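My entries follow in the order in which I looked.

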Amino acid sequence: MGLPREEYIASGHRACAGCGEILTIRHVLKASGKNTIVVNATGCAEVVTTPYPQTAWKIPWVHSAFENIAAVASGIDKGLECRGIRDKINLLAIGGDGASFDIGFGSLSGAIERGHKFTYIATDNEAYMNTGIQRSGATPLFANTTTSPAGKKIHGKIEPKKPLPLIVAAHGVSYVATISIADLPDLYAKVKKALKAEVVSFLHAFCPCVPGWKYPSSKTIEIAKKATATGVFPLYEIENGILKFTRKPAKLEPVNNYLKMQGRFKHLSQSEIRQIQNYVKERYNFLLSVENSKCFDTLFK
Amino acid sequence: MKRVIETSHAIALAVKLARVKVIPMYPITPQTHIVERLAEFINNGTLDAKMIHVESEHSAISALQGALLSNVRAFTATSSQGLALMFEILQIISGMRLPAVMVIANRALSAPINIWNDHSDAFAVRDQGWMQIFAETAEEALDSVLMAYKLAESKEVQIPIMVNIDGYSLSHVYEPVDIPSQTLVDSFLPKFKLEDYLDINNPKTFGPIGFPDSYMYFKEAQHKAMKNAEKRIKEINREFKKKFKRSYGNGLVEEYKIEDAETVFVCLGSICGTAREAVDQLRVKGKKAGLLKLRYIRPWPSKSIRKALNKAEKIAVFDRAFSFGSEAPLYTELKATLQDKQINSYVVGLGGRDVTIEHFKKAYRMCSKNKNGWLY
């Protein structure tokens, strides 16, 4: 499939073996190339790549704080425009699910509304992993985290995941997509499209986390594959308001094939697995029902 | 060209003359007149800059950081709650050694909510590694913004700076201002060029994690740079005088009738005008009063203060902020600087309470009895 050989994030960083987030960043950067500036939120990626005086980044990179990458990117976007070099540079804002779904949600929404030009990548590992696996707005139903523990009375997180890509699409942006390291051709094609957008484009990246999800480090890609095969993480894009599946399994596998691979779900009862199955199915059916329709089209622009 | 204009307008003109390129802004009273003027300049085509209408002050300061990192001169302004919301990013900018310039139209902090002037906002962020200057007049506000850019961007400094102007009592006041020409400002303020920025041809990492083995070096370097700034402030003040035919004391402090003064008032910002008048009236009655106006609180000009107050017998410090459970902040620092002097503390003008000539006269009387107080 002709993936570029060049690496823009060096090996030797301190990420866990099998880290889904670093793999995502590695491949996103291969697609965006040398002329890329990255704004990175506080989180695992920032910590493992930049222990002073070392850095794993071969491109210009800045980390400011947890909740402000969209705002910092807004300033860079306008600064580059003033210098007349905006078109030469791919500007990426990369934040985890805590940074994107929760604490930085306001700054993301503001930057989208203002019509800045950059690509926002939410590297979603479904909890605050850097601080020790605490529940976030992206943690899925019934997952066991350190602040939503599988207790005797309450079995993990009792709320479902925030539908961030759809919320972003409702702003009326030109490109939103989900990406997975289990499908690199799909990931590359989507990063390329996202970089062409004239306003904020948004990529929701599925990033399995070895210590957070509790699985052997060799299983990262397999789990990511299973997430798409079961409909837990469908691969789609919303281009100019029109939603299209980019991969559609002929038949969805039962969700338990995905859940049973991970320690964070090992406490689930049959009834809870059924609830998750219904929830996943409903959401998947919703996406199918709006496929090719103009539900996110110019109405919101 | 001398014109009678509002201080906020004067500041907007300074920003324009400094050829600022990016202006992230979020409205808050009493700062808004500044950015309103800037928006007019941009939309009328007289200022070639981009305004970013951010959704919060937190994003305003973050976008300011982004703009600077892309290697352009930038500006923002805020007040009170807005500055409080920016708190987190202040030390990220100073720690990254970015030469940000921000105007604070000083306003009291909630609760109770109060939109009027005091210095509780500026003092709440005193230790975030930003230089802080206080202007007394509209003209000084304009000049201070120009000097602030030159200072912050100096190679031996590279520290951000807040230009404080008293909310309403200076921000909304109309005064005669000598507006310098663009040519003159261009000869004073060099073109913006950072040594380190986000450059695809020379990639660098900004904002790494500093473990315990490195963190302290960064912080000590910030302190040293801030101390270097003292010398640079004096140099810039002298250069400013040569070019613009006006200056402010030695740059760090300004003395008024201090030579033979027995009791010296020490204060910041717009109330210095009232203090001068009080000094004159006291002197008519044969009372030897004087004034030391502090222009900077960071860097803290201890040498200049010691020199200026060397002969003073009594010192009356006026604070417009307070450290609850302790004492007024300027008073604390002045005591640490002048340990062998009689120094008295007067807390005045919180939340926009008027500060009048009578307050200074009362403080003068109380000072003669070595008494402190809150003056209403």
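Which strands of chain B does helix 11 of chain B lie across? I found that helix 11 (residues 329-337) of chain B lies across strand 11, strand 14 and strand 15 (342-347) of chain B, and that it runs at about 145° to strand 14 of chain B. I took helices (H or I, at least four residues) and strands (E, at least two) as DSSP runs, numbered from the N terminus. Axes are lines fitted to C-alpha atoms, for helices over the stretch in contact, and angles run from 0 to 180 degrees between N-to-C directions.

I noted that this is a predicted model, in which local features need pLDDT of at least 70 and side-chain atom pairs count only at pLDDT 80 or more, while totals for chains, interfaces and linings use all residues. Residues are numbered from 1 along each chain as its sequence is written, and chains are lettered from A and ligands numbered from 1 in the order in which they are written.

Sheet of chain B. I traced an open sheet of 6 strands in the order 10-12-11-14-15-16, with mixed pairing; two strands pair if DSSP finds at least two bridges between them. Strand 10 (253-256) and strand 16 (373-374) of chain B are the edge strands, each pairing on one side only. Helix 9 (residues 271-284) of chain B packs on the sheet, where it touches strand 10, strand 11 (263-267), strand 12 and strand 14 (314-319) of chain B, and its direction makes about 165° with that of strand 12 of chain B.

Contact of chains A and B. I read off 36 residues from chain A and 37 residues from chain B, contact being C-beta atoms, placed from the backbone, within 7 Å. On the side of chain A that touches chain B, helix 3 of chain A gives the largest share, 11 residues. Strand 2 of chain A and strand 9 (residues 205-206) of chain B run parallel and are joined by 2 bridges, with Trp61(A) opposite Thr205(B).

Contacts of one residue. I listed what Val163(B) touches, leaving out residues up to four places away in sequence, and found Val101(B), Val103(B), Ile133(B), Ala135(B), Ala141(B), Ser144(B), Val145(B) and Ala148(B).

Note on methods. Contact = placed C-beta atoms within 7 Å.
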